[in-house]
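Please look at the sequence and the 3D structure below before reading on.

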Amino acid sequence: MTEVNKKKRFDLLKSAGLDPNKIPQHIAIIMDGNGRWAQNRGEDRVFGHLNGVESVRAVVESALQVGVRYLTLYAFSTENWSRPKEEVAALMNLLVTTLNQETDDLNGKGVRLRTIGDLSALPDNCQKQLETTEKAETKNVSLDLILALNYSAKWEITEAVKGIIRDGVKEEEINIDKFETYLQTKGLPDPELMIRTSGERRISNFMLWQLAYAEFHFTSVLWPDFRREHFLAAIHDFQNRERRFGGVSQQTVK
Ligand code: IPE
Ligand code: IPE
Ligand code: MG
């Protein structure tokens, strides 16, 4: 990053009341509330998903601006197959059209796409589009955008165990670092901050392993209304937490 851009970012963070030295490296978001947002307007649930795309844009843009390095978005859980088939189809189509439209722009901005989850169960056109977007070359990567698709943490952990057995890993070779190489998030740092919109306070089978020590920020804002100000507010909240990691509070250390 050029000195001018660094200065710009510094000024932006300062004006937002944020500490430039305490920006989470990895933020994970459970994008929730699309259906309620649409229903509040007397519209079909799918209308909420369509409008949720604008929030994704805003969050990606904001993550780039503030210098978040990894952004994981929970887009479709293994449990979401239980929704009406029209809604599932609409979500899959939205994924394809959005990625198709945005790939060049994302790459141009230094955003690289990655996925976690079992893509093999997604419709063929979805799998193809994801492959195209993931393969598209991103020069000067500033942000890894990780989409969780047909993802659930219990599935991920179970798959990791299967992989370990398949590879004949010996009991004495297994430790936390080794186990993590079998997770979908291999090579990624754990999220320091997890945001869930729409007022629900649960993690719905999302990143159970990786969120072990994350700070959680819950907001009642519905996903299609979520914008830069809400994203910055979540980071602000994060910066005011004291992360103890099992130690004692700095306030009580004399
Ligand atoms: C989140 O919004 C989008 C997905 C899970 C794909 P919802 O569709 O869950 O919205 P609500 O929770 O029904 O309002
Ligand atoms: C979690 O939201 C999954 C995603 C955001 C993709 P849901 O709306 O599916 O979760 P529950 O059903 O309220 O737990
Ligand atoms: Mg929901």
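A crossing of two helices is called left-handed if the near helix is turned anticlockwise from the far one by less than a right angle, and right-handed if clockwise. By this definition, α4 passes α5 in a left-handed crossing, whereas the crossing of α3 and α4 is right-handed. This is a predicted model, in which local features need pLDDT of at least 70 and side-chain atom pairs count only at pLDDT 80 or more, while totals for chains, interfaces and linings use all residues. Residues are numbered from 1 along each chain as its sequence is written, chains are lettered from A and ligands numbered from 1 in the order in which they are written, and side-chain values use heavy atoms, with hydrogens and water left out.

**Helix α3 with helix α4**

- The axes of α3 (residues 45–66) and α4 (residues 85–108) come within 10 Å and cross at roughly 25°, where axes are lines fitted to C-alpha atoms, for helices over the stretch in contact, and angles run from 0 to 180 degrees between N-to-C directions.
- The two helices, α3 and α4, are therefore roughly parallel to each other (angles under 35 degrees count as roughly parallel, over 145 as roughly antiparallel, 65 to 115 as roughly perpendicular and the rest as oblique).
- On the α3 side the contact (heavy atoms within 4.5 Å) includes Arg45, His49 and Val53, and on the α4 side it includes Glu87, Leu91 and Leu106.
- By class, this contact of α3 with α4 has eight nonpolar, three polar and four charged residues, where Ala, Val, Leu, Ile, Met, Phe, Trp, Tyr, Cys and Pro count as nonpolar, Asp, Glu, Lys and Arg as charged, and the others, Gly among them, as polar.

**Helix α4 with helix α5**

- Helix α4 also packs against α5 (residues 124–135), at an angle of about 25° and with the axes 9 Å apart, which makes α4 roughly parallel to α5.
- Among the residues that make this contact are Met92, Leu95 and Leu99 of α4, together with Cys126 and Leu130 of α5.
- The residues of the contact of α4 with α5 divide into six nonpolar, six polar and no charged.

**Helix α1 with helix α3**

- Helix α1 (residues 3–15) and α3 pack at an angle of about 110°, with their axes 9 Å apart, and so α1 is roughly perpendicular to α3.
- In this pairing, Arg9, Leu12 and Leu13 of α1 meet Leu64, Gln65 and Val66 of α3.

**Surroundings of the two ligands**

- The residues around ligand 1 (those with a heavy atom within 4 Å of it) include Met31, Asp32, Gly35, Arg45, His49 and Leu91.
- An oxygen atom of ligand 1 is 2.8 Å from an N or O atom in the side chain of Asp32, and a polar side-chain atom of Arg45 also lies 2.8 Å from an oxygen atom of ligand 1.
- From Gly35, a backbone N or O atom lies 2.9 Å from an oxygen atom of ligand 1.
- Around ligand 2 are residues including Ile30, Asp32, Tyr74, Asn80, Arg196 and Ser204.
- An oxygen atom of ligand 2 is 2.9 Å from an N or O atom in the side chain of Asn80, and a polar side-chain atom of Arg196 lies 3.3 Å from an oxygen atom of ligand 2.

Technical notes:
Helix = DSSP H or I, 4+ residues; strand = E, 2+ residues; numbered from the N terminus. Polar contact = N/O pair within 3.5 Å; in protein donor to acceptor, adjacent residues only side chain to side chain.
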